[in-house]
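This report covers core, symmetry and chain contact, in that order.

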Protein chains: 2
Amino acid sequence: MQVISSVQDMQRLADSIRRSGKRIGVVPTMGYLHDGHLSLIRIARQHSDTVVTTIFVNPTQFAPDEDFKRYPRDLQRDLGLCESVGTDVVFAPDVASIYPNGYKTFIDVEKVTRMLEGKSRPSHFRGVATIVAKLFNIVKPHVAVFGQKDAQQAVVIKQMAKDLDFDVEIIIGPTVREPDGLAMSSRNAYLSSEERGDAVVLSESLRAAGELILSGEPDCGRIIKAMHSLIKAKPTVKIDYISVADALTLEELHELRKGDRVLISLAVWFGRTRLIDNSILAIQ
Amino acid sequence: MQVISSVQDMQRLADSIRRSGKRIGVVPTMGYLHDGHLSLIRIARQHSDTVVTTIFVNPTQFAPDEDFKRYPRDLQRDLGLCESVGTDVVFAPDVASIYPNGYKTFIDVEKVTRMLEGKSRPSHFRGVATIVAKLFNIVKPHVAVFGQKDAQQAVVIKQMAKDLDFDVEIIIGPTVREPDGLAMSSRNAYLSSEERGDAVVLSESLRAAGELILSGEPDCGRIIKAMHSLIKAKPTVKIDYISVADALTLEELHELRKGDRVLISLAVWFGRTRLIDNSILAIQ
C-alpha cells in the first residue's frame, strides 16, 4: 500500500494508472475509520482495480464554532485498517497543500444544500462539494463511494458531479450499525456512556417511523410527533430536526402517497455531540 | 475534423486520446470566431497533439438584461475557420445538454471576481468559472488557451483551476488587434460605423497611459484622468470604468512603484455596445 501526501504525486500516479487501462475507485474520508468506512472501501474494491482511500479532515465543511479541532484523528491506526481491507493507495494531504494561502474558490449546489443539515450548518455543503471536486481532480477516479449515513451529502455530491460533468460514477453504500442499531460515526467517540445509551433512540425512532408508515399512516406531522416523543424521553438529548422529505428533492412532505421515495432523517444533540441518522422508504 | 455535440461522446473520445498518450489542448469560445480566437487555436496546436475548440454561447455568464439572445452566431462559418487553423475536434453542445432541467451547481471565485467586470456584471464570472470547469471535465484537456483581451477572466480561470486542482496548464494568448488598434471581439459586429470609428479610442487611451507611465508618471489618478479626457471627447461613448490595478490581485493602485505589474483596463459603451480592453505593464 502506497501513502501519498502530495497533490502532484497523486495526480501523476492517477495518470499512469488510467493510461494502463485500469479503473480507479476512491473512498473520501475524514479518517478515524470505522466499519462503515471499511464497508465503503470493500465496495470500491468490487468496482475498480486500484482503490484510493483519502484521509483529510476538511476544515471548510466545519463552521468556526464546530468540532474541527477536536475531531478525532489517528493516521497510524487508519493506515492499518485501510491496508486490511485492500486499499492500494492512501492519499493523506495536509491542510496547507489543499487550501494554500490565497485560496478563493468554492462550489455551491443550490436548493438541496439549503434544508436539513444545510439549515443547521449553512456553509457545510459548500465545503463538502468543494473538497469532493478537488479530490476528484486529484485522484481522477472512475468511481467514488460515499455512505448513506450522510444522506443529504449523497444527494449534494450526486448533483454536483452530474452538474459539473465529472466523469465519475457515484455509489452510495448502506449505513453500517452497531449491534444495538446506532449508526457508525467517528463522532460516536465523543459520547459519554449515558449519551451512548441514549443515542440508540436515533435508530429506534427511525424504526418506529417505518412501522407507522407500514401500518398505513400517511400524515407526516404524526410520524414526526411519534419520533419526537420517543427521543424526548431520553435525558441527554436536544433535538435539532426531524424530517420526512422527498428523497430526491429533500423537500418536506406533508402527506405520504403511493410511489413516494421518502427520506426520514434527524439530527439530535447528545450533550455536546450532534449525531445524524436516516432511512429511505418506498411508499407502497 | 470531427464535430461533437454530446457530452458523453466528447468524454469517451477524450478518454481514448489520453489513453493513447496524446496531449489534448482546448480553446473554449463562444463562437463567431475572429483572428483572436484563431491565434489561440494556433497556440493550442503548438502545445498539444489533439486540438479541441469548443463553441458554446454560455447563458450563465450573461445577466438577464445582457445580450445573450442577440450575441452573434454562425456555426457553419466557425467550423470552416476551425478547420483552416488545424482544429481536430469541435465540441458544440446545445444549452439543454449543458444546463439540463434541475441544474443547480455554480463555482464562485472570491475577491478577484468582485471588482472591474465583476462590479458591472455581478454574476458574470460565476457563469464563466462554472462553464470552464464543466468544459474541463468534458474535454479533459492537458492544456487550455484563453485570450488576454479578457484579462480578468484569465485571472479568474487561473485561480479556479489552481484552487480546484484541475490538472490543466492554462496559457494566455496575446490580444489580436485590427490595423487601427481595436481589439478583436465578436461584439465589434454590433458597432455602427460611427461607433466603430470612436472605438479606436480604447487602444489609443491605453497607449497614452503607457506613454505617461514610461515618462515616469506614478500617480494612477492622473493616468486615469488622462484616459478619461481622451475617451470623453468621442461622441458615442459612455465610460463604465477605467482602472489601474495590480495585475495579480486586481486591487486598485494609487501610486505606481518599481517592480509593480500593472493591469490597465477599461470598459466603455459605444451606443448599445459595451467593449473592454486592457494592457499589462511592468513598472521599471
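## Core

The largest nonpolar core holds 162 residues. A:Val139, A:Met160, B:Val139 and B:Met160 have the most contacts inside it. Such a core is a set of buried Ala, Val, Leu, Ile, Met, Phe, Trp, Tyr and Cys residues joined through C-beta atoms within 7 Å. Buried takes 20 or more other C-beta atoms within 10 Å of the residue's own, with C-beta atoms placed from the backbone.

B:Val139 touches B:Met10, B:Ala14, B:Ile24, B:Val26, B:Val52, B:Thr54 and B:Phe91, leaving out residues up to four places away in sequence. Contact means C-beta atoms, placed from the backbone, within 7 Å.

## Model and numbering

This is a predicted model: local features need pLDDT of at least 70, side-chain atom pairs count only at pLDDT 80 or more, and totals for chains, interfaces and linings use all residues. Residues are numbered from 1 along each chain as its sequence is written, while chains are lettered from A and ligands numbered from 1 in the order in which they are written.

## Symmetry

Chain B superposes on chain A by a rotation of 180° with 0.0 Å of shift along its axis (RMSD 0.0 Å). That is the relation of a two-fold axis.

## Chain contact

Chain B gives 25 residues and chain A gives 25 residues. Strand 5 of chain B supplies the largest share of its side, 5 residues. Strands are DSSP runs of E, at least two residues, numbered from the N terminus.

Strand 5 (residues 105–109) of chain A runs antiparallel to strand 5 of chain B, joined by 5 bridges. A:Thr105 stands opposite B:Val109.

Notes. A residue is buried if 20 or more other C-beta atoms lie within 10 Å of its own, exposed if 12 or fewer, and partly exposed in between; C-beta atoms are placed from the backbone. Two residues are in contact if their C-beta atoms, placed from the backbone, lie within 7 Å. Copies are superposed by least squares on the C-alpha atoms of residues with pLDDT of at least 70 in both. Helices (H or I, at least four residues) and strands (E, at least two) are DSSP runs, numbered from the N terminus. Two strands pair if DSSP finds at least two bridges between them.
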